[in-house]
Structures are given as structure tokens and as C-alpha cells.
Amino acid sequence: MKVFFLFSDFYRKTIAASFLLALCFVLASCSNGEKDGAILRIGMIEEPRTLNIWLASDANSRKVISLIYQPLYTYDPDTLDLAPWLAQSMPEYDPETISYTVQLRPAKWSDGTEVTAHDVVFTVDLIKDFQVPRYYSQWQFVKKTVAIDEKTVRFYLAEPRAIFLTRTLVNYIVPKSQWAPIAEKAKTMANPLIALMNARVEKPLGSGPYVLAQWREGAFLHLVKNDHFFGSGIEISNRKLGPHADAILFKIYGTADVGVLALKKDTIDFFWWSIQPGYIEDLEKDENTKVYLSDRSALYYMGFNVRKPPFSDPAFRRAANTVIDKNFIIERVLQGYAARMDSIVPSENLFWYEEHLPRYGQGLSRDDRIKKAHRLLSENGYTWETAPVNRSGEVVTPSRILLPDGRPMDDFTILTPPADYDPARATCGVIIQEWLKDLGIPASARPMSFGALLQRIKDRHDFDTFILGYGQLALDPDYLRSFFHSANNRPGGWNMSGYSNPEFDRLADESVQAMDPRIRQELIRKMQQVVMEDVPYIPLYNPAAIEAVGEKRFTGWEQMIDGIGNIWSICRVKSTEADM
Amino acid sequence: MPLLDVDNLTIAYHTRSGPVTAVENVSFRLERGKFLGIVGESGCGKTTIGMSLLGLLPENGFVREGRILFEGSDLLALSQKELQAFRWKKISMIFQAAMNALNPVHRVGDQIIEAIRIHNPEFSEERIQKEIKELYDLVDIPEQRIFDYPHQYSGGMKQRAVIAMALSCRPDLVIADEPTTALDVIVQDQIIRKIKDIQRQRGIAGIFISHDIGVVAEACQDIMVMYRGKIVEQGKREEVFVAPVHPYTIALLSSHLTIDGVFDFHADKPEVACDFSPDFFAGVCGYAESCSRAEAQCFTAPPKWREITPTHKALCRLCGQND
Amino acid sequence: MTITSNRHAAYSMENVIDKKTRRSYKRQRFSAGWSLFYKNMVGKIGLYLLILFGAMALASYIPPLVDPMYHPMTGVDPLISYASPPSWRHWLGTDNIGRDIFSQLLTGARVAFLVGVSAAFISIVLGTLIGMIAGYGGRIADSLLMRFADMIMVMPSLLVILLLSVLFGQLSIWIIVILIALFRWPAVARVIRSQTLTLKKRPFVDMARVAGASHIRIIFRHILPNVLPMALLYMTFRVTSAIIVEAALAFLGFGDPNTVSWGMMLQWVWKTGHMFQAPYWLLPPGICISLITLSFYMMGRAMEEVLDPRLRKIQKADYAAS
Amino acid sequence: MNLKSLLLRRSIEILVVFGIIMTGLFLLFHAAPGDPISMMVDLTMTPEDVERMVAQLGLDQPIWIQYLYYIKNFFTGNFGTSFHYGRPVIEIISERLPNTILLFTTATILAAMAGVWLGKIIAWYKGKAIDTWTTIFALVCNTLFLPWISLLFIWFFAYWVGWFPLSGMMTPEIWVNPEAGFFAKAVDVLHHMLLPLLTLFIVNTGSYLLIMRSSMLETIKEDYILTARAKGLSEKQVRNRHAAPNALLPVVTSVGLSLAFSVNGGALTETVFSWPGIGRELIFAVSNSDYPLAMASFLFIALVVLVANLIVDILYAYLDPRISY
């Protein structure tokens with residue numbers, strides 16, 4: 001009789017019950033409508049990987065961490081100069097001892113204890129002891145850090161370094177009370193660094209405007225206002241700081257579409273993610289949402305493996321640069337929301353940017369670009385059975401290009417990140433492949449998952465060409481040296497192209513030591529000329545940061561380079577209801 | 001009033017190439033407590049007749065003309081609901097393949113109880129238990145096997161269980177459609193004896209459908225021989241077996257071995273009359289092609305009913321040369 | 001009489017009936033099957049849809065000839081550099097870089113056929129061979145092969161292919177096709193095996209064996225022709241699953257970037273943020289994927305009814321026991 | 001065969017199959033281009049770290065010893081550390097797996113029940129318009145491209161009509177509210193689950209309906225159906241008591257066989273709806289080249305499918321007395 005049971009009543013009851021339940025939920029959803037006006041709701045595309053500051057390298061973790069840990073100095077939103085943050089004032093430099101002295105503000109950790117010079121010393125020593133990746137390179141030239149008194153700290157440098165002010169001092173300071181025990185324990189482990197980086201910090205102790213209250217993995221993060229935040233009510237860089245929202249909820253949306261829908265539906269106040277241009281029109285139509293377009297300091301480029309022929313031939317690279325239509329990419333792939341790049345340094349970075357650089361194919365029509373590239377290649381010994389430009393000067397479909405030694409060029413790949421990671425770069429790969437084919441250069445685009453891609457390019461040097469980008473390029477152009485100095489041409493080094501030019505090396509070495517900005521500017525500009533003459537990287541574009549907020553509940557976002565998602569915004573946005 | 005009166009029944013099936021007649025102008029009567037045997041080769045329409053009595057023709061079958069009167073009421077006029085109440089209560093059936101007639105996922109006892117309960121909703125639980133024990137007793141299956149599953153039964157037991165099921169509502173008429181086909185000879189014999197016993201005990205009427213003339217001969221008083229949807233000869237058992245008239249019946253009988261030997265119908269063959277009934281059938285004799293005695297007229301003119309005795313008739317226009 | 005049993009009869013009398021009658025018999029069988037198929041509403045809809053998609057696939061060669069800007073991958077409208085709604089110039093509008101969605105849609109049909117049919121074909125060949133070997137080969141081969149088939153069957157193919165793509169990097173469309181085929185044969189093998197098992201017991205196989213035919217000859221000459229219709233039937237089902245898996249891969253961003261498939265189009269519309277803004281871009285590829293799988297599925301079901309004699313018996317159903 | 005020995009046999013079979021899958025994965029991992037070490041190594045590691053890890057994982061050993069390490073690590077729950085999260089993989093899996101099981105089993109059970117129920121009824125109207133149209137409708141549902149229809153559903157039901165949350169599994173506002181009790185939280189999770197459930201339900205019900213319908217059509221030709229009718233059972237009784245339980249058996253088998261395919265769909269649904277399940281985690285891990293997480297997620301998904309198959313086998317045995325008695 002058991003089967004009878006299965007088939008009669010049970011069925012009807014289950015179906016009726018599930019229907020009732022469904023109804024129940026729909027009703028429940030309606031009653032869940034009330035909202036707490038004082039919670040700032042921020043959408044994120046992915047969950048942070050970790051809130052362990054030493055492991056965090058992804059954008060989402062850093063967003064959350066930036067609200068918890070604070071640096072000594074931060075960038076002024078208007079001038080992008082250093083603004084004292086945890087520090088009371090600008091550092092004092094003593095050229096004789098090559099030391100900087102920093103005075104701290106009266107600031108407290110979120111547990112109410114004072115932020116002291118000992119915390120700063122501890123942080124620096126920890127980074128140096130453990131050689132924490134990402135941080136170590138910025139601190140390694142700091143010989144010694146000394147706490148002069150509870151609120152004064154002095155850094156002794158081994159040699160003058162230009163980046164100390166612009167890069168090193170904006171790093172976060174961590175509390176000794178929380179990290180010292182972890183560090184002690186880690187030192188006893190087989191691999192101290194891994195132990196440190198994998199240590200779980202359930203409740204990170206910070207000095208920022210918010211502290212973590214709850215992290216529900218896979219769903220949300222809940223941060224509440226730090227009552228001990230040093231900035232509350234004071235004015236820095238002519239801005240009065242809050243924070244005004246009682247709490248922040250980070251909601252995870254997985255895909256940008258849903259994040260944007262959430263914004264339109266007013267379930268979040270800000271989507272902290274640079275969205276695709278496709279959304280702009282729609283969001284601008286909606287009266288409750290506002291789109292912020294901000295400049296970015298970013299570099300998207302195509303790189304060559306100059307260790308390998310024919311990519312080792314500058315003429316070949318110049319021809320490739322000539323045939324690539326950057327305007328096409330910017331106008332179509334990025335819908336115009338990007339700036340053209342002709343140097344490794346973004347043109348918005350006026351102080352360091354060099355204007356007088358070769359422009360290759362700029363302003364030419366497709367045919368003219370092909371003709372120019374064809375001329376360049378022919379002059380350098382490349383031949384074709386059917387050339388891309390025939391005798392009467394018309395552009396035709398060429399046969400495969402023959403290298404100067406007479407052999408046909410082998411197929412090669414343009415490695416790009418996969419489309420789900422960045423559709424723009426994946427599309428660029430395919431488009432550039434087609435342009436190169438106009439010259440008979442047998443390219444094929446190959447998206448590859450990001451980790452594997454980086455590993456092949458950076459660690460194994462096993463590639464032909466690639467398209468990559470730096471989303472947040474530091475304002476100080478020290479990266480030129482990292483990218484192209486021959487000393488960095490090693491597995492794991494940042495000179496992924498394998499570029500090597502003694503003249504560039506010399507200029508780069510000089511620039512490191514140049515403490516006079518004028519002299520350094522001169523050197524940096526020269527470095528750009530050298531690089532752009534040889535084009536180991538073809539800079540493509542610098543996209544705009546497109547961010548959207550819901551205007552209904554919070555206003556007062558602070559726009560600066562890289563967008564509105566910054567500490568200033570978080571400290572200053574106000575609930576519209578509070579005003580009433 | 002006879003228990004069952006089938007009058008001029010014609011049944012056809014819809015097929016892709018139009019309707020095909022399966023049973024044509026069949027008429028017969030059955031009295032209470034009597035057993036009627038229908039004999040014929042497979043596909044001759046005998047099962048169709050059985051099914052039509054229960055209103056269970058396949059979905060593409062339909063009664064073209066004729067009447068089926070059961071205790072004077074017309075079965076074909078019954079509504080679906082009335083028909084459901086009528087089935088098993090009045091007429092039940094022992095199906096061809098007992099192996100498949102029992103639902104494999106239900107216990108045998110439950111399947112029998114189900115029938116009792118539907119038709120006797122007023123029965124108490126004890127009463128039902130009593131009934132089923134009686135039934136099992138009747139068909140000689142040990143009581144403790146009542147609630148076994150069909151796959152735990154042997155072939156003979158299944159057949160007996162099917163018989164028990166057929167008797168569960170004390171019907172007036174049981175149709176047994178090839179009840180013994182799939183069984184071996186010994187079991188066959190047991191089953192037939194059982195059926196005869198039960199008939200005697202309960203006094204029910206039956207229709208026994210088989211291609212096996214020996215089985216029919218053993219159980220039935222009246223015999224109908226069918227060929228291609230038509231009754232070709234019908235009469236009392238003795239008449240048909242001792243003095244078959246239709247060449248098909250003769251062929252059927254002469255090819256059959258009984259347990260006692262070949263049917264010996266030549267022994268004391270009575271005089272056979274040659275009275276043709278006036279009603280003619282449309283179409284020529286279906287058997288003519290295979291008939292060893294066919295004459296020219298068999299291929300051109302329709303066959304006629306010959307009444308040999310009031311109870312014995314045959315559908316054949318040949319006369320006087322039936323030896 | 002049913003078609004299947006006729007077929008066995010026809011082959012068993014191979015040497016008795018002369019070729020001509022056999023051919024006419026085959027033709028008759030085909031036309032009977034065809035009329036049955038055509039009467040089936042599901043089959044008819046499926047067939048019309050399929051013809052439509054076939055026409056689309058063929059038509060995909062035309063747009064680039066009309067104007068290079070209609071090239072599905074590389075052609076862009078010189079005047080439009082954003083996603084634009086349908087117009088006379090672009091019947092279904094353009095995507096965000098100004099490519100014509102209609103010509104992409106047509107090319108998608110070609111890719112779908114290519115992927116679907118080739119993956120299905122490979123898996124059918126594999127499945128039929130393995131099924132016949134398992135069915136014919138006897139116990140050890142049978143149980144080994146079928147255990148193996150069961151094992152493949154419990155693997156979620158899409159996820160395995162994803163895993164392979166993380167291990168081996170971006171997969172090209174042909175590798176994807178082969179991988180899909182490798183995960184899709186077991187169902188075919190099961191059916192073919194059971195058919196082979198029944199065929200093996202038929203007299204004509206015994207006759208062939210007595211006549212001295214080799215195993216290979218028996219398998220290919222006597223068993224294969226009889227299991228072929230079933231294999232073809234399964235091919236239609238395999239086509240659908242191949243198309244779905246390819247589309248899902250492309251949708252997730254693991255497709256071949258040099259192919260314009262419908263899944264790829266969905267991925268573009270998704271990742272470029274036009275999902276909920278450009279219905280003219282979002283709807284057509286999704287509808288096409290759904291409809292092409294539907295059409296193959298419907299064809300398959302209709303064929304199943306033609307081929308399966310037991311299902312065929314139920315024709316007109318005036319139920320309620322007349 | 002009795003139930004116990006069947007269970008035992010199937011369990012052993014499943015263990016063997018799982019062993020083969022594990023081995024296959026191990027071999028794949030070794031056959032992949034590039035050495036296995038470089039795949040396991042995080043970009044932040046120094047050469048010494050790598051060496052230490054090589055020793056720890058036994059990657060400097062002969063392949064069969066490595067294999068033993070691999071098996072040992074599996075059974076001790078040591079799947080390594082996720083590159084992406086920097087946490088032990090087992091932790092992530094144990095967070096995600098219950099969510100998947102919740103969504104997937106609910107969807108499968110509901111869809112199977114509804115599909116079976118509808119298929120049972122529809123088969124009774126074979127040849128009528130309602131049958132034809134339901135069949136076509138079921139076919140359409142069954143062939144809808146899942147991620148696409150999920151997106152349309154999100155847009156329509158969650159955004160435009162606004163009945164459901166857009167995605168995810170919980171409403172943070174409710175979960176951070178200290179006043180919200182268990183019931184409110186449970187309702188919230190179920191509310192989030194409804195739309196993905198509906199999507200999976202619609203797509204899966206179609207296929208179960210079709211299988212049940214065909215199976216019913218086969219079953220009603222059986223003799224015992226005729227017996228049941230002859231017994232005077234009403235059509236509904238015949239259908240529900242006699243045809244359906246038998247027709248259900250092949251459906252149960254094919255549910256088992258199609259589980260793997262529905263897992264594909266489950267992973268896609270999880271991804272589109274941001275349901276924090278293991279399928280989404282796998283796709284995510286694949287995107288991020290998080291090999292340890294991807295491998296472990298896959299193994300667990302395979303395990304889920306195998307266990308589900310075992311449950312289906314038990315269900316089959318329970319429903320079919322020929323096996324259980």
C-alpha cells in the first residue's frame with residue numbers, strides 16, 4: 001500500500017503546501033520593506049577574498065580593508081598631493097641622516113587604545129621581517145624605524161628614495177596589540193610568511209571610520225561605525241569628516257547586471273565597481289541614480305616577448321603599433337569612455353607625462369596604416385609572396401609574412417584575460433589579431449584564465465604577446481623602472497617583456513636617486529621616449545571609472561582619480577533623511 | 001430469460017487504413033450455471049468478444065451493431081459509471097497471461113481485496129479477511145502466501161490467484177480467456193479441474209475462450225467455433241465434437257490430440273440434416289481459400305447457415321458431403 | 001505487422017529476396033514512416049523549425065558579401081559605434097562595437113549546426129561501436145564497458161569540460177566538440193547494446209555465423225544496419241545536448257573567442273552590460289538556442305514514435321472505453 | 001536479491017567509481033601542460049616556499065607515492081589552501097555544499113513530483129489537444145536555455161514585478177538585525193531560494209513530465225491495467241493505483257541517469273542567481289585558476305551525484321517489490 005500513499009494524498013498535500021509556502025514568502029517579502037535610513041548599503045561584485053591585510057591583493061578585499069586600516073598619509077582629492085591622515089602634519093626630512101620624522105594625530109584603535117609610534121614601528125618591522133610581498137619592496141630601503149616618543153616616529157633611509165613620500169607613506173598601519181601575537185606564532189612555524197598570510201583575523205582591529213561587525217561568507221559584510229575614529233568632526237584638506245552612516249552593509253552581487261538592477265531598485269546606495277559603458281544611458285535616465293565618470297590612472301597595453309624573434313625586432317613592434325587603431329578600440333570597445341594612451345604614463349598625469357613621443361598610426365585611415373606598416377616592414381627585410389600593398393598601391397589580402405631570414409613566420413598567440421574577467425581586453429585581442437592579419441602576421445587571440453596567464457607571462461616567460469592592464473597605476477611613475485629595467489627581467493619580475501636597454505637602465509637608476517622633482521621629471525620623460533621608440537609595450541587605453549550611486553538616501557560623494565569609491569566619500573556621505 | 005443474450009454483434013477496429021471488422025454478426029445465448037466454449041485460432045476475434053462483454057474493447061475498437069443483453073439489460077447502453085459498478089460484480093474475467101495480469105508492485109492479496117472493497121464498500125475489515133481466506137482456500141493457496149508479491153508466486157499459483165480474484169465478488173458469469181495457455185500440461189490440468197470444481201460449487205456460468213479444443217471440450221457444455229470473426233459452427237459439446245459439420249471444425253478437431261488420443265468423431269456419426277436458414281451473409285466464405293472441400297460456388301456466393309439440430313448449426317453451404 | 005519486425009525479416013531473407021523488391025520495400029517502408037512522422041504535429045513543428053535554422057545557416061554566407069560591415073566578427077558599421085536598436089540597415093540592431101546582430105545570429109546557426117551535428121556524430125559513432133561491442137562481445141566486455149559507461153554518465157559534462165579548460169587553458173571549438181562527444185556516448189551505447197543483445201539471438205545472425213562470417217562482418221553487415229535507425233534517433237538528442245553545453249560554456253566565458261556562436265553572443269551582451277538594456281540583442285540568441293534544441297528534440301521524439309512499434313499501436317485515442 | 005545486499009553492492013560500486021574519478025582527476029592534473037607544482041603555487045610564494053610545499057605535498061616523490069599522498073589528503077580532508085580565498089578549501093566547501101544540497105534537492109524533488117504527477121494525467125489524454133499542447137509546452141520548458149531564462153526571470157520577477165530578491169541567499173538587513181529571529185531568517189533564505197527554485201523547477205519538470213508520460217503510455221498497455229479496469233476500478237483508480245506506480249519505476253531510473261545533467265544546470269543557475277553553492281564556486285574557481293578549490297569542488301559535486309544515485313537506487317528498490325522482497 002506504500003505506493004498508493006505516494007500517489008494520492010501525499011501529492012496533493014505537498015503541492016498545496018508548497019503553493020501556500022510560496023504565497024507566504026511573497027507576503028513576507030512585502031513586509032520586509034522597511035529600511036534603516038542610517039545604513040549605507042554598498043554593492044560589490046565579489047566577496048573579499050580575505051580581511052587579512054597581508055594576504056589581500058584583490059580589489060574587493062582592499063575596498064573593505066581601506067575602511068578599517070588607515071595610512072599615515074593619503075592623497076588629497078583635489079591636488080593628489082599627500083594629505084596627513086594618521087599623521088598630524090607633513091613629514092620633516094633631514095637630508096643629513098636621510099630620515100623622515102612623522103608626528104601622529106591623537107587617534108585611537110577601535111578598541112579604544114591609542115594609536116602609537118610603536119604600532120608604526122611594529123608594522124614596518126613586521127613587513128621587513130617577513131618580507132611581506134607587495135609591501136616589502138616599498139619598505140626595504142628603510143634602514144631603521146624608531147619611536148621617538150608615543151606619538152613621534154622617525155624613519156631612517158638607507159639611501160634617498162623618491163618614492164618614500166609618494167608610495168611608502170600611504171601604506172596602512174596595523175595595531176601591534178593584535179598582530180604581535182600572530183607574528184610571534186607565525187615565526188615558530190615552518191613557513192612564517194605563509195602562516196602570517198593565512199592567519200585568520202576574525203575581527204580586525206583598525207583605526208578607520210568603520211569596524212567589522214559580521215562577515216557572513218558568501219552573502220554580506222556588516223561594518224559598524226567606529227566611535228573612536230580620529231577623523232570624526234575634524235577637517236582634513238578642507239573637508240569635514242563624518243562618518244555619518246551608522247553602519248555599512250556590503251552586499252555581494254556576483255554579476256554587474258544584478259548590481260545595477262539592485263541600484264535601480266534602491267536596494268543599494270552605491271555599486272562599488274567600475275561598470276561597463278553599456279549601463280550609462282539607462283542609469284542616467286533613472287532619476288534616482290547618478291553616474292560618476294572619473295579619470296583613472298590606469299594602463300592597458302599589449303606586450304611583446306622581446307626575448308624571441310621576430311618580436312625582438314623593434315621595427316616589427318613599431319609596425320604592429322602602426323597597424324593598431326587605438327581610436328577604434330576606444331570608440332567602439334570602450335564606447336568612448338577611455339583616453340588614448342601613447343605613453344606608458346597616462347596623459348592625465350601631467351607632471352610626469354612626456355608629450356613628444358612617436359605617434360605611429362594615429363590619425364591615419366586603415367589603408368594608410370597598412371601602407372605605413374608595410375613600408376616599415378619592407379625596409380627591415382620582411383617580405384611577402386603577396387604583399388599587403390600591391391604595385392599599384394592598393395591594399396590587398398597578403399600572404400603570410402616572411403621573416404628577414406626568408407622563413408615564413410610561425411603562428412603565434414595573443415594571450416588575453418578571459419572574456420568573463422574583462423570583455424574589453426578579450427575583444428581587443430580578437431580585433432588586433434584581425435589587424436595583424438592585414439599585414440600577413442599570423443596572430444590568434446587566446447583568452448586564458450587570469451592566474452594561468454600571469455604565470456605564463458610573469459614566471460615562465462612562455463608566451464609571444466599578451467594584452468594586460470594595470471587598473472590602479474600609482475601616481476608616481478616609478479613603475480616605468482619596474483616594467484622595463486633589465487634587472488627585473490627574471491622569472492617573477494615585473495619586466496615581463498624581457499626588455500633590455502642599457503640607456504634606459506641608466507636613466508632609471510638615476511631617477512630613483514633623484515630627489516629633486518624637476519630633475520626626476522626630466523629623467524622620467526626621457527625614459528618614456530626611449531621606451532616608446534622601442535615599443536616593448538604598445539599602450540592602448542586608459543579607461544574611465546564609471547560608477548553609479550543611488551541618490552535617494554545618501555549624497556555627498558567625493559570624486560577623485562579612480563572614482564568615488566574612496567575613504568573621503570565614505571567619511572563624508574550623508575543620509576538625505578538626516579538633513580530633513 | 002437467459003443470463004446472457006448476444007444478438008448479431010459486430011465489432012470493428014479503427015486502423016490507419018480504415019475500420020477493420022474483427023467480429024461479425026455473432027449471436028449466442030448463455031443460461032445460468034452453464035459453460036460456453038469459444039474455440040478458434042488466435043486472431044479470430046474470440047478475445048474481442050470477451051472484452052466487449054466487459055465493455056473493455058481497446059480504445060480503437062467499437063461495436064458497430066448488435067446488442068448484448070445481460071439479465072435482460074443492455075450492456076452497451078450503460079454509462080461509464082454503471083459499467084464500472086457492473087464489471088467484476090456481474091461478469092469477471094480470468095485473463096490470458098496470469099503472469100502479467102497481476103500488478104507486480106502490489107501484493108496479491110491487496111489486489112484481490114481491492115476488487116472486493118470497491119464492489120462491497122459496506123464490508124467490514126473482518127468480513128473482507130474472511131472472504132479472501134475463503135477464496136485462497138478455494139484455489140488451494142496457503143493462507144500465509146496471501147500477502148506475497150506476484151513475483152514470489154509460481155506460474156500455477158499466479159493462475160490460481162487470478163482465478164481467486166475473478167471469483168472474489170461472486171459474479172454470475174466468469175469469462176476465462178486462455179486461462180491455461182502459458183502453463184505446463186500438468187498444471188493446466190489442475191487449473192481446469194479447479195475451474196470445473198468451482199463451477200460446480202458456486203453454480204456460476206462461464207465463457208471459456210481457448211484455441212485449445214481439448215481444454216474447451218473438458219470444461220464446456222456448449223461450443224462455438226470461430227473463424228475470422230465469424231461463428232462457423234455452434235452447438236452442444238457432443239454435437240460439435242461428435243458430428244462436426246463445418247470443414248474448419250473438422251480440420252481443427254482432426255489436428256488435435258486429446259489426452260485420450262485423437263478425437264474420434266467418425267465413430268457413430270449421426271445423420272446430418274441439410275436445412276439452410278434463409279439469412280445469407282454478405283461476402284464469400286472466409287475459409288474457402290483454405291478449405292479442402294471448397295467448390296466453385298464457395299468462391300462466388302456467400303455461405304449459409306445450416307441447421308443440423310435446433311441446437312447445432314454451421315455456416316457452410318456444402319451439404320451432404322461432410323465425410 | 002510492425003516496421004521493426006519487417007526490417008528484421010527483410011534482412012534475414014537477404015539472399016532470398018532479390019534486390020529490386022528489397023529496394024521497393026525499403027522505399028515503401030520509408031514512405032510509411034515518413035507519413036507517420038509527418039502526421040505527428042510535434043515532428044512537423046520540429047522539422048519546420050529545423051528547416052528554418054538550416055536556411056539561416058546557409059544564409060549566413062550572404063551578409064558579408066553584401067557589405068564587409070556585415071561580417072559577423074570583424075565587420076563594424078562605420079557610422080554606428082554603440083549598441084543600436086533594429087533599423088533597416090541592421091535588422092536586429094548592432095552590438096556595442098557596431099557589429100550587425102542579424103548576421104551574427106545567422107552565423108550562430110551555422111556554428112550550432114557544426115557543433116551539434118559533429119559532436120553528436122562522434123558520440124553516436126562511439127556509442128554505437130561500444131554498444132555493439134558490449135552487446136555482441138559477451139559478459140566481460142559487456143560489464144566492463146557498461147560500468148565505464150555508467151561512470152561517464154554520472155559525470156556532469158559541463159563541469160568536467162570547465163575543469164579541463166582550467167587545466168589546459170582556453171579550448172578551441174573543435175576540442176570542445178570532441179570533449180562534448182566524449183561525455184555523451186554512454187546513453188547511446190546503452191540503447192544500442194540492448195538492441196544488439198536482442199538481435200544477437202535472431203536467426204539471421206546464427207545463419208551468418210554458421211555460414212562462416214567473421215565477427216566483424218556480423219557486427220557491421222548484420223547488426224549495424226539494424227541498430228542504425230536507433231542510433232540516428234539518438235543523434236538528434238545528442239545534437240541538442242551538444243548545442244546546450246557549447247552555449248553554456250560560451251556563456252560562462254570559456255568558449256572559443258574566434259567563433260560567433262549564440263552562447264558567445266549572450267556572453268557579449270551579458271558582459272558588456274547590455275543585458276537589460278538591449279532586448280534586441282539579448283532575446284534573439286537565447287530564443288535561437290532554445291528553439292534549435294527544441295526542434296531537434298521534437299524531431300527526435302517524432303522519430304521515436306515512428307521507430308518504436310510499441311508506441312505506434314496507440315493511434316486514435318477515444319478513451320473512456322468507447 | 002534483498003535490499004541489504006543490493007545496497008552493499010551499490011555502495012561498493014559507488015566507492016569504486018569515485019576512486020576512478022579521483023584517480024582520473026589526479027592523472028589529468030599530471031597530464032596538464034606545465035608541471036603540477038607550478039599549478040599549486042601561489043604567485044606570492046618564494047622559491048623556498050615552493051620547495052617546502054613540494055616536499056609537503058610529496059611532489060618530489062615518484063608518481064605512485066604522490067598518488068598515495070593525494071588519497072591520504074583526501075581522506076584527511078586536506079585539500080590544500082584556496083589560492084583565491086587563502087583559506088583551507090575544506091572550509092569553503094563545507095560552507096557551500098549545504099546551500100547546493102538545499103537548492104538542488106528541493107528543486108529536483110519538487111520538479112520530479114510535479115513532472116510525474118502531470119505526466120501521469122497527461123498520458124491519460126493521449127492524442128487529445130491538451131496532450132499535444134502540454135507535450136509541446138513541456139518540450140519548450142525542457143529546452144529553454146537555462147542561464148538565459150534565469151536572467152529573464154531575474155529581470156521580470158525580481159526587478160520588474162519585484163516579487164523576489166535579485167540574487168544571493170539572504171537579505172543582509174534582516175540578518176544584521178538583532179531582533180530578527182530564526183523564523184524571519186529562514187523565511188528570508190526561502191524567499192531568496194524561490195526564484196532559482198522556480199527556474200530549475202520549470203526546466204526540470206518538463207523533462208520529468210515527458211519521461212513519465214512515455215512511461216505511462218507503455219504501462220497502460222500492460223495486462224494488469226486491463227485487469228484493473230475489468231475489476232471495475234474507475235479510470236482514476238486505475239491510473240493512480242495501477243498504472244502510475246509501475247510507470248514510476250523507469251522514471252526513477254532516468255532521474256538517476258539525468259542527475260549529472262541537472263547538476264550542470266544547477267551550477268549555471270547558482271552562478272546566475274549568485275546562490276553561494278558549490279557549483280558556482282567551481283565555475284568561479286575555474287575563472288580564477290584556483291586549482292585546489294576547483295578540484296575539490298569537482299570531487300564533491302561528483303560525490304553528491306553518486307550519493308544521489310545511490311538514493312535513487314534505494315528509492316527504486318523501495319518502490320519495486322521485485323527488488324526489495
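This is a predicted model: local features need pLDDT of at least 70, side-chain atom pairs count only at pLDDT 80 or more; totals for chains, interfaces and linings use all residues.

Residues are numbered from 1 along each chain as its sequence is written, chains are lettered from A and ligands numbered from 1 in the order in which they are written, and side-chain values use heavy atoms, with hydrogens and water left out.

**Exercise 1: the makeup of chain D**

Work out how many helices and strands chain D has, and what percentage of its residues is buried.

Step 1. Go by the DSSP runs, numbered from the N terminus: helices are H or I with at least four residues, strands are E with at least two. Chain D turns out to have 14 helices and 0 strands.

Step 2. Now the burial. A residue is buried under 20% relative accessible area, exposed over 50% and partly exposed in between (1.4 Å probe, protein chains only). Of the 325 residues in chain D, 62% are buried.

Step 3. Look at contacts too, meaning heavy atoms within 4.5 Å. Taking those in chain D with a separation of 6 or more, 72% come from residues 24 or more positions apart.

**Exercise 2: two ring pairs in chain D**

Classify the pair D:F156 and D:W160, then the pair D:F157 and D:F164.

Step 1. Over all chains, the whole structure holds 61 aromatic pairs.

Step 2. For D:F156 and D:W160 the centres are 5.8 Å apart and the planes stand at 25 degrees, so this pair is stacked.

Step 3. Find them along the chain. Both sit in helix α7 (residues 146-160) of chain D, and because they are 4 residues apart, about one helical turn separates them. An α-helix has 3.6 residues a turn, so residues three or four places apart point the same way.

Step 4. Check accessibility: D:F156 is partly exposed at 33%, and D:W160 is exposed at 58%.

Step 5. On to D:F157 and D:F164, which are edge-to-face, with 6.2 Å between centres and 70 degrees between planes. D:F157 is buried at 16% relative accessible area, and D:F164 is buried at 9%.

**Exercise 3: charges over rings**

Find which ring A:K458 lies over, and which ring D:R280 lies over.

Step 1. The test is NZ of Lys or CZ of Arg within 6 Å of the ring centre and within 35 degrees of the ring normal.

Step 2. A:K458 sits over the face of A:W494, 4.1 Å from the ring centre. That tryptophan also belongs to a cluster linked by ring pairs, with A:Y301, A:F463 and A:Y499 among the other members.

Step 3. D:R280 sits over the face of D:F284, 5.8 Å from the ring centre.

**Exercise 4: where chain D meets chain C**

Describe the contact between chain D and chain C.

Step 1. Count the residues: 60 come from chain D and 52 from chain C.

Step 2. Take the buried area, the accessible area (1.4 Å probe) that two parts lose on being put together, summed over both. Here that is about 5000 Å², with 78% from carbon and sulfur atoms. D:T143, D:F145 and D:W148 supply 14% of what chain D buries against chain C, more than any other three residues.

Step 3. Look for salt bridges, with a side-chain nitrogen of Lys or Arg within 4 Å of a carboxyl oxygen of Asp or Glu. The interface has 1: C:R147 with D:E13, their closest N and O atoms 3.1 Å apart.

Step 4. Which helix of chain D gives the most to the side touching chain C? That's α11(D), with 10 residues.

**Exercise 5: a covered helix in chain B**

Decide how many residues of helix α1 (residues 46-53) of chain B are buried.

Step 1. Go through its 8 residues: 7 are buried, including B:I49, B:M51 and B:L53.

Step 2. Just after this helix, B:G55 has a positive phi of about 65 degrees.

Conventions
Rings of Phe, Tyr and Trp (its six-membered ring) pair if their centres lie within 6.5 Å; planes under 30 degrees apart count as stacked, over 60 as edge-to-face and the rest as tilted.
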